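We will take them one at a time.

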Amino acid sequence: MTIGCEGYQLSRRAMLGATGASLLGMSIPRLIAAAGKDHAAKCENVILFWNGGGMTHIDTWDPKPGRPTAGEFQPIKTSASGVQISEIFPTLAKQMHHCALIRSIAGTQGDHGRATYQLQTSYLPGPNLVHPGVGSVVAHEMPNLGDLPAYITISGLAPRAGYLGQKCEAYFVPSPGDKDPYLAFPEGIAELRGNKRLETLAKFNKRFNGDSKDERLVSTQTSIDDAVRLMRSPALEAFELGKVNKSVIERYGDNPFGRGALLAKRLVEKGVRFVQINRGGFDVHTNAFPAMRDHGEVMDPALAALVADLAESGMLAKTMIVMLSEFGRTPKINKDEGRDHWASVFSCFIAGGGVRGGQVIGSSDEDGAEPKDRPVNVPDIHASICHALGIDATKEVMTPLKRPMKLVDKGEVVKELFA
Amino acid sequence: MRQFACWGLALLVVCFATPLSASELDKIVERENKAAGIKLAAAPVVGDHVFLRRVFVDLIGRIPTEAEVREFASWPEQGRREKLIDKLIADERFADRWTIFYADMLRLRSNATGGPALIAYVHNAVKTGMPYDEMCRRLIYTNGKANKVPEAGFILGDDADPLAMASITSQVFMGVRIGCAQCHDHPFDVWKRRDFYDMAAYFGKTRRYESQLTRVVYATEADQNTILWPPEGSGPDADRKPIPAKFPFSLAAFEKQPQYLARLESVRKTKAEAKAKPLAKGPSVDDLLNDTADKVAKTASGKLPEAGVTAEAKADIRKIDPSAGGYRSSDLREQLAKQVTDPKNRYFSRALVNRAWKTLVGRGFVEPIDDFRQDNPAAHPQAMDYLADEFVASDYDLRTLVKLVVTSDAYQRDHAPEATEEAARHEMEVALLATPMRRMIAESLYDSVVTAGHLFEAKHSPGKNTKVLTEIVRVPKEGAGKPTELIKTAGTPAMAMEKKGAPASAGGSYALEDAIELDFTALLKAGEDEPEVDEMKVMSKEELEAQRMTQERMMRTKMEYIEKTVTRTIDDNPVFNTSLRMQSPAPEGHFLRVFGQPNRTDLGDLRDDSASMRQALMMLNGRVIHEAARVGDLEPIAKFVMGKDANPDEAVKFAYLEILTRKPTEEEVREGKEIIVAGATVSDGVADLRWILLNCNEFRFLP
């Protein structure tokens, strides 16, 4: 069974040809996908922070001062008038005029597996079908820019591409800043020798494949060509954080999350369409507050630096930053000073890519237990991401078994974001 | 000892139950093609060396060694293919390879509750030739404690969820996607919602329990059936009533018993007779109970013994499966297991035959292989039924089935000629007139590289391959918190080894290519604590960091670290284990997963054989291929590479034989020599040639 998105591949390749397979993403003139554009979309790239475990909403984006559920953090003022967030984000607070919050996501799934699936794909899991993550949808729908993979995941794995096929899977960077051994010849194989090997290999494959049009044979050499193009690409320098000024790294935080955020910025600058940065440890059933303080220490400088840098370079206008998690956490603090799973209402952080900064959409009730106004369904987030990119979320694609599937499961665009 | 006895028995059965009627199969295929008006010519049956490679990979999951090629060549031509098949079917690795087949089908997962013992159990079932129907029955009905009762892992793997189990049982064992009828009547088939719920009711009394104290998980039986009709949301809740279980699939009805069922009975009878005489039995539970009842009656003199109560207690005790450790067994699922595996249930035998056919020939009679329905007919229904009936007649013997398939012309045919147009090629493949190009499955590809590169054992003499390693390690600052183990920071493995016995590896960052062998025997030892399993888990730096932070918080102290650079010299003699026996599915990002090993969580998630850039990167720059290509002085090819007898001609021929199972053409010898001469040393040149051969399409696609 060969799953593929052939039509997409053609257009992608044609696009590359048209731009002379330019080596630097930045040098490519902006390409606008003709298909599916229903408005003049500004957004071209997405950076998704995935906080695994279910991040508490009350201790981050939706403080409830004075309530028994408040926990130990105080709210602080931000650069967005009237918007307060938790004290664990002091630096980010100064960038909130660029950022929006949704405080009324009405989730339905309290189980890690099912919620992760829904928050990452917009669909609920079911038998016999693997739904693609939103990053795969973007890689499928938008033409590639440059020769880095369109979709990259850092410090953890991204959802699968499902019926969109292997080509739309995320490229995996286990550890930002570390050398990926698979992007260079094995130890002891010099450039000249390695290149000679590749050249001879191509000759052998050509002879073996002959005139065969069998996709199974042809695609192997194509995948080798893709790999070699990546190995030789000057854009790979984006991965090399060792050459970045130390003060820049320190501003983001010299830790995997900070380096991940910095790497994400460098990757979107090279034309990568969708970057996912993973962080775990949010499942705070015990000792929630010291844990969240630690998370804040790491996340605050990185997010703030990323927003500020993208805003300064003008990239923020076409780069959307989203932070998602499975669900929120119980307003009630349990006997172990922790909070448990809570899907009824939670928040999300979203900035750039056409999103109007400084606003809060929806609200939860006084304890952060239920949506109070403007409930937002989970797939609405995905529909909004697609909308920003000019992707028609209601478009249907065929699964390999010829079952039509919408890109996003019944989501409605949160229009206020872009108003 | 039991194992050996059964093993002998299995072989015996193979020998006399196989009527070797492969030609019969080919005749049926021909007849069906003729009836369908197919006029294309068939591709010829492949030559011996091609057959050799194909059947090695399919049956034992690796290419043949040079010694095995020579052994085959030394046998008289007449009958040597069959001789080879018999040899491979008896090989230890046959059980390893076909455990993977079942693991994909049954969705066996090392990381599921009871998963490790379940995989070991299935492996043992394949090894000892346990009839397929018996294995399935045990998986369907067994309750008990995770890992202690291996078969219970099947129901525990899906948390004993009745609705999930209804879908799984029909789709996995019978190839019917009745799961679609959970929410609506099946759009393309006869299945109604009620059928789905009837099926689910077999699981309605099964419960999964987890001890809050010990975290022991087990499956047992309750009195209450949780499956209610009508389904949730389709009426007032008060109207919803438990429904009795009912098997929605109809069994074949015959006026006269067909021959294959008569043969099945005769094989079963022979096996029963061959079994060792039963041991003298101790008193039965009933005897003990009768005894007790007598005593009770006597003690309570003047009162009538409560016969009804005793009878009930007896019945209860009989339900207890002693090996399950006292958990109640499931009458309902026992009924279900009987129905599913009934020799007259043709879905059951067809589904397995279809999967085996897909595995060996590259295309199922029915595609997708687990979607049998009225408007998705088999391409060759009679050929499929012929195999299904033979399979039943052999007492559900996998080896018999595999042998029937691989001895057929349909299996042994060549691919469509290179110049064939796509549509014609497709037509030939569907009509079984040519075999599709098949890439080796991930595990076979890995093991074939290791075989060709002599990496199952050390191939460098001690001291011949030393390496200097420089690593930055993080050690706790003195006096700050409790000292813990060293934490590597540079060249951090993408995969951290948890628990015991992680072997130190020179190429830590290549951990995505490691295979750690599981000890199936240890996993099966009952009555002991749960076996410890080396568990590999992909952990990013981020996760490791989070884990460290959590640990620190537990200790309520911040640890301070300093980084130290450590240099050490190691004697690098990389050895790789078989990937057929490693934890499965492998962690995400592992070589096996990148090459299409399914995650086995999602129902209907089949092997993906498409190519990807990640695959290319792992092959071009990975460690296994690199080490396999390098020449070790202990390898047989070394004699043509090093020393006074060095002979590039012979080296090229040897490399082709070891890697591609064939002789090179004259042109290829000349070209190979050029590659060798271009190397800085002969050894480097040979490594270059071998690297190319291991990477080329001819290696990964079966001939």
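Begin with chain B of this predicted model, and select domain 1 and domain 2: their centres, taken over C-alpha atoms, are separated by 31 Å. Where they touch, domain 1 of chain B contributes 26 residues and domain 2 of chain B contributes 20 residues.

Next, colour the side of domain 1 of chain B that touches domain 2 of chain B. The elements giving two or more residues to that side are α1 (2-17), α16 (346-361) and α18 (398-406) of chain B. By type, the residues on this side of domain 1 of chain B are 14 nonpolar, four polar and eight charged.

To see how chain B is divided, select domain 1 as 2-94 + 345-411, domain 2 as 110-249 + 324-340, and domain 3 as 630-700.

Now zoom in on helix α29 of chain B, residues 666-678. With 13 residues at 1.5 Å a residue, the helix should span 18 Å, and its end C-alpha atoms are 19 Å apart, which agrees.

Which residues of α29(B) are buried? Select G672(B), I675(B) and I676(B). Look down the axis of α29(B): the buried residues fall within an arc of 100°, so they line one face of the helix.

For the last stop, show what the buried residues of α29(B) pack against: α28 (648-660) and α30 (682-695) of chain B, together with α4 (191-209) of chain A.

Note on methods:
Residues numbered from 1 in each chain as written. Chains lettered and ligands numbered in written order. Predicted model: local features only at pLDDT ≥ 70, side-chain atom pairs only at ≥ 80, totals over all residues. Helix = DSSP H or I, 4+ residues; strand = E, 2+ residues; numbered from the N terminus. Expected span 1.5 Å × (residues − 1). Buried ≥ 20, exposed ≤ 12 C-beta atoms within 10 Å, placed from the backbone. Arc of directions from axis to C-beta. Contact = placed C-beta atoms within 7 Å. Domains from an automatic or database assignment. Nonpolar A, V, L, I, M, F, W, Y, C, P; charged D, E, K, R; others polar.
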